[in-house]
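My entries follow in the order in which I worked.

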Amino acid sequence: MISRWEALKLALRHRPLLTKLIELRQNPLSVSYWSLIEKELTLLRQAVEIASKKQGPIVEIGTLFGFTTAMMASWMSGSNRLITVDNYSWNPWGILPDVSRELARKVLLPFTTTGKVVIMDMSSTEFYDNYKEGPPTLVFIDGDHTYEAVFDDIALAKKIGATMIGGHDYHPRAPGVIRAVDEHFSGAIARSDTVWIWGLH
């Protein structure tokens, strides 16, 4: 049992995390703030539906809690698999990686048990280094939003022959995303709010 003084010091040291957890308890729906909004989902759904009619897996870089992954899986037709990649090193609530990992696994359980979704617990670099399947029909990038990470994710998606490449947060709040996407595609992308897709036919 710790003293009140020690408890107070501990609370002050972890004040940002406690604030987020209190907000989450008061408004559980706030956990979805980092997910896509309705008009973004419309464009992504269009891409997924096109991709799932072609031969090859769909790849998502950045699982987070699995909400977008579950939506994508629900739109897929045919025998395609969705491979979702994350090492759970970051989340907006400061939740411990093991807790974030377990939450994603529970959200995606209906799809992982059927083999429709495969969770790859690793960095995107590790994933690309070990990728052995045929060209993906879609790679959706929503992981590390730094310029270097997004630029590399796009370059590696191109290298493995992705038919479509897209992502989230093409917005001034994530200038690295805008720069990386523009350098690769020179504006030749479809957009809905902050979601972008290249190769949409």
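**Largest pocket.** I looked up the largest pocket of this predicted model and got a volume of about 620 Å³. I list 32 residues that line the pocket, and the closest to its centre are Gly62, Asp142, Gly143, Asp144 and His145. The elements that give two or more residues to the lining are E1, H4, E2, helix H6 (124-130) and helix H7 (147-159). H7 gives the largest share of the lining, 4 residues. Sorted by class, I have 11 nonpolar, 13 polar and 8 charged residues in that lining.

Terms for this entry. The search runs on a 1 Å grid over the protein atoms alone: a pocket is an open set of points with protein on both sides within 12 Å along at least five of seven lines, a cavity is a set where a 1.4 Å probe fits but cannot get out, and lining residues have an atom within 4 Å of a point. Points are joined across faces, edges and corners, and the volume is the space filled by probe spheres set on them. Ala, Val, Leu, Ile, Met, Phe, Trp, Tyr, Cys and Pro are classed as nonpolar, Asp, Glu, Lys and Arg as charged, and the others, Gly among them, as polar. Helices (H or I, at least four residues) and strands (E, at least two) are DSSP runs numbered from the N terminus.

Conventions. Residues are numbered from 1 along each chain as its sequence is written. Local features need pLDDT of at least 70, side-chain atom pairs count only at pLDDT 80 or more, totals for chains, interfaces and linings use all residues, and side-chain values use heavy atoms, with hydrogens and water left out.

**Cavity.** I found 1 cavity of 30 Å³ or more in the structure. The largest cavity has a volume of about 40 Å³. Its lining consists of Ile141, Asp142, Gly143, Asp144, His145, Val150, Gly167, His168, Val177 and Trp196. By class I note 4 nonpolar, 4 polar and 2 charged residues there.

**Totals.** I read 8 helices and 7 strands for the protein. Of its 201 residues, 45% count as buried (under 20% relative accessible area; exposed is over 50%, partly exposed in between, with a 1.4 Å probe and protein chains only). Among contacts (heavy atoms within 4.5 Å) with a separation of 6 or more, 76% join residues 24 or more positions apart. The accessible surface is about 11,000 Å², and 57% of this belongs to carbon and sulfur atoms. These areas come from the Shrake-Rupley method with a 1.4 Å probe, and for residues only the protein chains shown count as cover.

**Helix H4.** Which residues of H4 are buried? I list Thr68, Thr69, Ala70, Met72, Ala73 and Trp75. Their cover includes helix H3 (38-51), strand E1 (58-61), E2, helix H5 (97-112), strand E3 (117-121) and strand E4 (138-141).

**Thr63.** This residue sits in the loop between E1 and H4. Thr63 is buried because its relative accessible area is 4%. Its side chain makes a polar contact with the side chain of Thr84 at 2.7 Å. A polar contact is a pair of N or O atoms within 3.5 Å; within protein, one must be able to donate a hydrogen and the other to accept it, and residues adjacent in sequence count only if both atoms are side-chain atoms. Leaving out neighbours within four places in sequence, I find Thr63 in contact with Thr69, Thr84, Val85, Asp86, Tyr88, Ala104 and Leu108.

**Asn80.** I place Asn80 in the loop between helix H4 (67-75) and strand E2 (82-86). Its relative accessibility is 9%, so Asn80 counts as buried. A polar atom of the Asn80 side chain lies 2.6 Å from the backbone oxygen of Gly56, and one lies 3.0 Å from the backbone oxygen of Lys54.

**Val118.** Val118 belongs to strand E3 and is partly exposed at 23%. Its C-alpha atom is 6.2 Å from that of Thr84, 34 residues apart along the chain.

**Positive phi.** Tyr88 is not a glycine, yet I read a positive phi of about 60°. Tyr88 is in the loop between E2 and H5 and is buried at 1% relative accessibility. For Asp193, phi is near 55°. Asp193 lies in the loop between strand E6 (190-192) and strand E7 (195-198) and is partly exposed at 36%.
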